[in-house]
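Me: I'm new to this one and would like to go through it step by step. Could you show me the structure before we start?

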Amino acid sequence: MTKEKVPARQDFDQLNRDWFIDKAVQVLVFLGGISAIVFIIGIFVFISREGLGFIFEDFSFTEFFGSPNWRPTSESNPTYGILALVAGTASVTGLAMLVAIPFSLGAAIYIAEFASGKKREFLKVTVELLAAIPSVVWGFIGLAIMNPIIIQTFNVPVGLNVLNAGVILGLMAAPIMTSIAEDALKAVPDRYREAAEAMGATRWQVIYKVVLPAAKNGLLGAVLLGVGRGFGETMAVLMATGHSINIPTSVFDSVRALTATIAAELGETAVGSPHYEALFTIGIFLFVITFIINLSADLIVRGVRKG
Amino acid sequence: MLFRTSARLMVSAALVAMLMACGGGEQRQVIQNKGSDTLVNVAQAWAEAYQMVDPAVVVAVSGGGSGTGIAALINGTVDIANASRAMKEKEVEMAVAAGNQPMEHVVGFDALAVYLHADNPATHMSIDQLAEIYGDGGTYTKWTDLGLEVPGCQGQEIVVVSRQNNSGTYAYFRQVVLGKEGDFRLGTRDMHGSKDVVDLVENTPCAIGYSGLAYATDHVKLACVDTGVGEECVTPSVSTASDGSYPIARPLLMYTDVEPAPHVSAYLDWIKSDQGQCIIKEKGYAPATDVTCG
């Protein structure tokens with residue numbers, strides 16, 4: 001039937017051009033595969049090396065984590081307390097999750113359980129498009145649009161605060177959370193739904209009593225990834241929080257995030273000075289936190305896939 | 001193949017032309033000029049204008065901050081360092097130790113204006129009042145503490161706008177208003193740029209901020225600043241910054257070696273001349289000498 005000649009076995013064993021290409025591609029793919037590991041170790045070694053000098057010399061655990069006084073350039077008495085910065089990051093991320101969880105969970109349930117065909121594809125693409133908006137654009141929205149709206153609506157002196165940054169960050173984190181949550185819902189086998197429906201459950205009962213509990217771990221993973229995104233986000237929070245060292249007592253207080261502090265100050269700091277090293281120590285702290293969050297999210301999501 | 005050869009020919013021809021342009025003709029002298037970001041625009045304008053004055057001298061300008069420029073001067077890699085702050089004693093010692101005794105030239109002044117929202121009824125501020133507003137442990141947190149009522153300002157809370165802690169503007173304002181040992185209070189809104197301060201104050205009735213006079217707009221108010229009770233207040237302007245009557249004006253400096261090369265000192269003399277001083281005035285800073293520009 002076929003006119004093509006089937007190659008004999010020895011043709012494969014020859015060291016011809018195809019063989020070399022094959023090997024070269026193998027090596028390239030392997031390098032690509034391990035590059036992430038190499039980079040992450042490289043980055044960790046780098047920030048540790050830059051930050052460790054501070055940890056061994058000027059570091060005081062109680063001051064660093066217990067004091068809100070971040071005054072690294074003071075002439076008389078430099079202090080390096082990140083308590084207020086941690087409170088800033090945590091409050092903004094917390095509010096962002098309050099905003100993002102209902103949005104992303106709702107979107108994921110609709111996309112996974114209700115929408116079908118073209119409507120579903122359209123929604124998925126739109127959600128992904130939302131994730132593609134650069135963070136500086138979000139920051140600009142916070143600065144130029146949300147700021148005056150918050151001032152007018154709530155009658156507060158400044159609109160750059162926890163509320164502004166939390167809403168912005170919530171909208172930023174929602175797309176990735178939606179995608180992961182939708183995957184988790186899709187991973188619930190159809191026979192669960194069929195069984196529930198066969199027993200006379202309504203659609204809402206199927207989702208509420210069967211699908212959501214079964215996808216619990218995946219949904220938790222989605223939330224944790226959103227938290228990781230919130231902790232790591234820099235540009236938008238730099239622009240929308242007001243960048244003010246402050247332990248917030250209400251959502252209308254301006255705060256400052258850990259990431260934003262590094263971004264704002266590292267550029268003009270003398271390399272090797274305690275201030276420079278303190279910023280890198282914040283970097284180590286952020287790295288460890290996001291590493292733990294992402295790792296646990298990954299383990300939880302992986303757990304549900306296998307189970 | 002033919003294409004490649006001709007491309008290569010073209011590249012080498014271009015290289016030769018460039019070499020001839022650089023090496024040929026009379027000797028061209030290069031002045032390396034680096035430092036303060038506040039001064040970088042002015043320095044660039046000077047460098048461009050000097051092309052007309054002396055085509056044989058090329059001035060290469062780059063920014064990077066006052067500290068960067070001073071470090072380069074200490075290491076002897078630049079001819080002129082731009083700085084919006086004076087060299088620290090430690091830096092002078094390091095330069096002397098490296099065999100580069102530095103010399104300071106005042107090339108202009110930058111007035112740090114105190115910005116208020118257009119609706120704010122305050123017209124003047126004393127240094128002491130500013131210290132109570134900005135300083136660590138300061139007692140003024142509401143406009144009513146100053147006996148004022150700002151329309152449109154909810155709760156009369158003073159929204160204190162400052163700069164990021166490694167900016168030269170931040171350091172200078174701290175030194176003048178809060179003293180050498182002083183610190184800013186926590187909870188100030190720390191903006192990342194001179195213009196951002198003015199933008200925020202413009203849109204926030206409760207706000208007070210400080211920034212270079214060059215960033216003033218028609219939509220904000222500049223406070224008249226006095227140094228104490230009974231003293232007459234001074235409005236920030238190019239002329240009050242030049243004559244030293246405005247209390248929060250910092251000198252803009254250029255540092256060279258104590259014995260600069262002839263072409264470097266000729267350049268500095270030109271900068272201090274009327275022509276050079278009119279350029280810095282055009283850029284919104286106060287000239288170091290009294291000049292009348294067309």
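Reply: B:Phe109 stands opposite B:Ala286, which belongs to β12(B), where strands are DSSP runs of E with at least two residues, helices are DSSP runs of H or I with at least four, and both are numbered from the N terminus. This is a predicted model, in which local features need pLDDT of at least 70 and side-chain atom pairs count only at pLDDT 80 or more, while totals for chains, interfaces and linings use all residues. Residues are numbered from 1 along each chain as its sequence is written, and chains are lettered from A and ligands numbered from 1 in the order in which they are written.

Me: Ok, and in what sense do β4(B) and β12 of chain B pair?

Reply: Antiparallel, over two bridges, with β12 covering residues 286-287 of chain B; two strands pair if DSSP finds at least two bridges between them.

Me: How many bridges link β4 and β11 of chain B?

Reply: Strand β4 (residues 102-117) and strand β11 (residues 249-257) of chain B are joined by nine bridges in the antiparallel sense, and B:Ala111 stands opposite B:Ala249 of β11(B). β4(B) also pairs in the antiparallel sense with β8 (residues 207-212) of chain B over five bridges, where B:Val114 stands opposite B:Tyr210. With β9 (residues 220-222) of chain B, β4(B) has three bridges, again in the antiparallel sense, and B:Tyr115 stands opposite B:Leu222 there.

Me: Is B:Leu252 buried or exposed?

Reply: B:Leu252, which lies in strand β11 of chain B, is buried because 26 other C-beta atoms lie within 10 Å; a residue is buried if 20 or more other C-beta atoms lie within 10 Å of its own, exposed if 12 or fewer, and partly exposed in between, with C-beta atoms placed from the backbone.

Me: What does B:Leu252 touch?

Reply: Leaving out residues up to four places away in sequence, B:Leu252 touches B:Thr38, B:Leu39, B:Ser84, B:Val107, B:Gly108, B:Phe109, B:Asp110 and B:Tyr285, contact being counted if the C-beta atoms of two residues, placed from the backbone, lie within 7 Å.

Me: Switching to helices, which residues of α5 in chain B are buried?

Reply: In α5(B), residues 127-134, the buried residues are B:Gln129, B:Leu130, B:Ile133 and B:Tyr134. Viewed down the helix axis, the buried residues of α5(B) fall within an arc of 120°, so they line one face of the helix; the arc is that of the directions from the helix axis to the C-beta atoms. Their cover includes β4, β5 (124-126), β6 (159-163), α6 (168-178) and β8 of chain B.

Me: And α10 in chain A, how many of its residues are buried?

Reply: For α10(A), 13 of its 17 residues are buried, and the helix is mostly covered. The end C-alpha atoms of α10(A), residues 216-232, are 25 Å apart, which agrees with the 24 Å that its 17 residues should span at 1.5 Å a residue, the expected span being 1.5 Å times one less than the number of residues.

Me: Last topic, what are the domains of chain B?

Reply: Chain B has domain 1 (3-109 + 252-287) and domain 2 (111-249), with bounds that come from an automatic or database domain assignment. The C-alpha centres of domain 1 and domain 2 of chain B lie 33 Å apart, and twelve residues of domain 1 of chain B are in contact with ten residues of domain 2 of chain B.
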